[in-house]
Amino acid sequence: MDFPSSLRPTLFRTGPLGLSNVPDMSFMCSWRDTLTLPESLPKNSENGAPHLSTGLLWEPETPGPLPLLPPGPDPWDPGVTAQDLLFRGGFPFRRKPQAVLDVTEQLSRFLWDHGDIAFAPLGKLMLENFKLEGARSRSKKKTVVSVKRLLQDLGGHQPWGCPWAFLSFRQRRFSILGGPVLGKSVASLLGELLYEELATRWEQLLLDDAFTGGALAWVPGRTAQVGQLVYPAGGALDKLCFQEVSLTPGGDPQALGDPGHIQLQGPVRQVVTRTVQGESLLAVRSDYHCALWKVSKQGRPAPLQVLQVGKGATGISLSPHLPGELAVCSRSGAVCLWTPQDGLQQVYKDPETLVFCDPSPWRWADFTAHPRVLTVGDRTGVKMIDAQGPPGCGLLLFRGGAEASCQKGERVLLTQYLGECSPESLHPTLHLICTQFSLYLVDERLPLVPMLKWNHDLPSAPLWAQLLPPPRPGCPQPLLLGGQGGHLQLLHLTGEGASAPRLAGPPQSLPSSSDSLSAFPLLEPKSQWRLQERLKAPTIGLAATIPSSASEPVLSLFQLSVAGDVFYQRLHLQADPGPNSCASTASWTPQATACCSRWLKALLKVPPAPPVWAAPTFSHRRLLGRMEQREVEPKGPEALRAAMAEGRLLRQRDLGSLPSAEPPPTPEPGPEDELSTRLEAAWEGQLATWWERQQGRSSGPGRQPKRRKRRTQLSSTFSSLSGRLDLSDATSPPHSPDRASPEARPRPPVTPPSQESTQELWARDVPSERQQTLRDYMARLPLQGDTPQGVSLPLSQTSSIRATPSRPQTLPDGTAELPPRRKTLRGATVSSSQTSSIRATPSRQQAPVLSGSQPHRKKPRMGF
Amino acid sequence: MSDFSEELIRSKTEDDKEESCVFSGTGMSFPWLQKHIGTVETGGKKEKDFAQTTSACLGFIQEALLKHQWQQAADYMHSYFQILEDSDSHKRQAAPEIIWKLGSEILFYHPKSSVETFNTFADRMKNIGVMNYLKISLQHALYLLHHGMLEDANRNLSFHCTYIPHLLYPFILQLLDYREVVHEDDYAYNTASQNMFDHSWKTSVNLRALIQTPGVWDPFVKSYVEMLEFYGDQDGAREVLTNYAYDEKFPSNPNAHIYLYNFLKREKAPREKLISVLKILYQIVPSHKLMLEFHRLLRKSEKEDHHKLGLEVLFGVLDFAGCTKNITAWKYLAKYLRQTLMGNHLAWVQEEWKTRKNWWPSFHFSSFWAKSDWKEDKALACEKALVAGILLGKGCRYFRFISKQDDQVLRKKIKQIKKSVKKHSVVNPGL
């Protein structure tokens, strides 16, 4: 192979990124890049400017992309936005913007929506301090609050953040009484977790790397004019579709028939295809699985193998050299070569990042010009690893640092091998490396020194790139770069043989799907907003092809959005760029607008996604007074209510057949986790002792005297409560003859006590004079109708997880035949916590059912 | 006045918070962060109208540039100059660089732009802010050079030569690169230009100092060495090239070794010397086309380990995707394999084959390649078939396919291949 006979002069510095204070202008002006290479300077330069392809331009046919397929039947919701996460009261226009996560609002929303979870255990502890029934407090104790009056005072006020809310004396007293207890537990325990979750969501909003590489692929068919688009569809993106598309030279791409599909059991994150030695292969990456299909000449996929990746897969690439060979990388930092015949071969493993410390577990692997050498990338750099060499050695190909004059905070987002072995293309040793600021072309024969750097200035993360073959012999090769926000850039690269790769002209931007808005008819605001949101949906895949047979080269570009929409656009290479040529503006054709209208009509037929959250309507007075029962209720709560009214035990048979439940996982006591020790104590019936222990610990000498006084008041009431409890009885599990099985013993470890527990709470060993009133009150409590239903929502969702028996059958070599059946509410946004949700939800599901089967009147389990 | 002092205070406090654009924890910065933050309604104070219009205008210019709408970009640029009057000192200072970057881009591509327009623009821009003077002068000179206006470029630059800071070397070198190219023409064809000659000598003194700095200076080194050779300073040239190739502070640039090798070849250096240079190139770029030359040198050498290396080099070349159709390499390999096996060095072949036997068959010798090679290049197919037969035995698909072909012209050759395979195949050495 030829090596460029003369490279562009650059200084070589070593060191960390962000240190370079060399003027960085060289990467911004495309004209300088086209000029500064000696090859571009003809010897007869005296005659004028060297020839530059200034008019090199791919002209879009329409001002924006058009829908190729009708919208899917599943509703789509844009999910969490910055507005949901960020604090709204700051100064927005700083030179350096600052994002402040709004934990308080989220916390208050949580408290309103799930007050039962947040406050039930504490409510139980403070039961002595509340009087649930009766107008007036007969006792003279100031520490007992009448709930009815309290709720009356609260009634009608709007929730959160109303500074003008009237504070009654009772409320004030209540807040003084409960403040330290409620505030501490909720804010400190939940706040921290919530902040963590919000930070993860915010990071995901800024950069969602799950779809790196793209989930849309073009499989060429038997002729140049026909091919297949492979993409995920469905609300959870778990249906892999194969849509045959014909590309006629004159007209728009046509979808031929309905797409064939394969139902997968996880969201599709990346789809890769490659034709090696005449064999078309298709690789798909899901969160925890990778799969490989072989696509026959007729376009039918035949499954080859499925691989389970325990820690989660982050990237998959197909070898351009050997058919059926793949590189898979996982969050654990391992990179494996995978062939269906020989299984897995671990090539590299390092949980640490390459150049400097970065917390991201994202890893990427691709091939190089040598079939046994792989590139391994993370956020900080890219390394070349010899699969046959001793482990641990390798050569850094790209270093996030002064070598490539990286900026501060610059990170690698995508690396891609650009090798193509056609004679008229670029060197087959080039690698594309994209960061949020720039793109680099690095030759593997000259590591660390980029051959080309271009400041792409994309307003979203560039996660997709595709190098296309030259449209005409001798023409520069188009390199497509796609951002998550749908932004597209097209660069023209030349440099074959003895010349170094360079930009052949100024890069151009292509229309994105939000540019298509003008093709749609004007709608009423709500639908218009919906359409706008839909068009703005983040892109998750990109595929482009230039059918070679056409006389005039046409670039067909397909784009897949996270809402499942496939849009296309066609671009023509400007025939002969004259000196006065200028970009002409495309306009909408009647066919295009008709196509958009059809699509819109279908879109508006799709029911809108149910709102994720709505502000609570707030009146407890009405809630307390409302007696009517729900007409349709699940059997469990009904039976429970009947049993309560009759004052008898609730038995297994009352509830009908229970789903066969696995024992809930045993609690894992963390070292210093206050919440779980408390919950554990509650389950074992030793909440009171826990509380006392806690009291003893927390009322240290450092406290303020005033607070201590309040605390002692509180603790005295609590100690009086605990004094009346029969601890020895409570600690031993109640022996119920109806026990179905010993493993049905309810001890879910982290189940937040939900409203079922609050119901039981009422019936606990409360002072005898109140028991009857409580019982009466309980029978009328509307919560009974509401809460089990509220809980049955996740139940029905999780039962589908449990019902399907197709757990992955893990083969000895780490491969599995079937990925696990799993559904997520919104597959796109719930990504990282998916396995944990599989494990966590059953325990949540069991909680209501099993606690329902408890004998809960006379001998209640302590704490519930 | 109050506005100004406010700006001073603000810029100071905000500089302190520079870290805040980086999201806590990851250390990564996001250029689209402001966009997200901007969507959140705030009760805080709004950006000034002035700043809003200028940033919108900047957006329009960038959009127009990326759509190659030069006229539109020029129109917007006209309005963008208002940023030079921004009360925000930070923005005001950053403005000239942005204006120069965008403006030069527009003027370079605009169909109605001319050298005069560009000159006027550059001269105006140089006088806005001292910091930009050098940068703009250098780029302006570059532009002039490309338009063949060498004299103007020289005049433009000569003023700064004395105090160009170290950090601007890359820029100068880019310029010098062109000068050198031009000079090359000069002293080869137009020795009359004494003035230029002087100038080249003067710059060469500077250049000698500059190439001590770690970096990639290919065009410069090349021209400099040629110049030294022109003056007959062979030792000086050798020293420059050796230093360029072997200094550890420099990136491992294959061209450095190639230049040194070519120089030594011109000098008619002994074979040992040439081999030692190419040995290093072999370690950096085993796929380089010089490797075939390296193989020839090794083959001719008397040393046995050179013969072994010769085999290794050929296998190494054919490992790479870009070299699979290199018929010379296959021819060499076929010939050398036979030679090695005849020389009773089966162990050498086995050693090379050990790491390749699990992937070469599907990489080179699949039936797909057999068919396509036969269709495209029968000579290549024959060479490959011979190698496949030797390495994999006559049962191998590639060999079987080629040996079954009935071709009038190649019948004799195929017969020979069959014979060689029978004689030399590694798989069944007994046969």
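Which side chains does a polar contact of 2.8 Å join? The views below come from a predicted model, and the first of them shows the pair in question.

**View 1. The loop residue D565(A) and its surroundings.** The polar contact of 2.8 Å runs between the side chains of D565(A) and R534(A). D565(A) sits in the loop that lies between β32 (554–561) and β33 (566–573) of chain A. D565(A) counts as buried because its relative accessibility is 3%, and the cut-off for buried is under 20%. Leaving aside residues up to four places away in sequence, D565(A) touches P71(A), R534(A), Q559(A), L560(A) and W599(A).

View 2. Strand β20 of chain A covers residues 381–386. Of its 6 residues, 5 are buried, so the strand is mostly covered. Strand β19 (residues 373–377) of chain A runs antiparallel to β20(A) and is joined to it by 5 bridges. K383(A) can be followed across the view: K383(A) is the bridge partner of V376(A), and K383(A) stands opposite L396(A) in β21(A).

**View 3. An open sheet of 4 strands in chain A.** The strands are antiparallel and follow the order β10-β11-β12-β13. The edges are taken by β10 (268–276) and β13 (301–308) of chain A; each has a single partner strand, so one side of each has no neighbour in the sheet. From one strand to the next the twist averages 20°. Strands of a sheet pair through backbone hydrogen bonds.

**View 4. Helices α14(B) and α16(B) in contact.** Two packed helices are described by the angle between their axes and the distance between the axes. For helix α14 (residues 271–284) and helix α16 (residues 304–318) of chain B, the axes come within 13 Å and cross at roughly 35°. The crossing of α14(B) past α16(B) is left-handed. On α14(B) the contact involves E272(B), I275(B), K279(B) and Y282(B), which meet H306(B), L309(B), E312(B) and V313(B) on α16(B). The residues of this contact divide into 4 nonpolar, 1 polar and 3 charged.

Key
Residues numbered from 1 in each chain as written. Chains lettered and ligands numbered in written order. Predicted model: local features only at pLDDT ≥ 70, side-chain atom pairs only at ≥ 80, totals over all residues. Heavy atoms only, no water. Buried < 20%, exposed > 50% of the residue type's maximum accessible area, 1.4 Å probe, protein only. Helix = DSSP H or I, 4+ residues; strand = E, 2+ residues; numbered from the N terminus. Pairing = 2+ DSSP bridges. Polar contact = N/O pair within 3.5 Å; in protein donor to acceptor, adjacent residues only side chain to side chain. Contact = heavy atoms within 4.5 Å. Axes fitted to C-alpha atoms, helices over the stretch in contact; angles between N-to-C directions. Left-handed = near helix turned anticlockwise from the far one by under 90°. Nonpolar A, V, L, I, M, F, W, Y, C, P; charged D, E, K, R; others polar.
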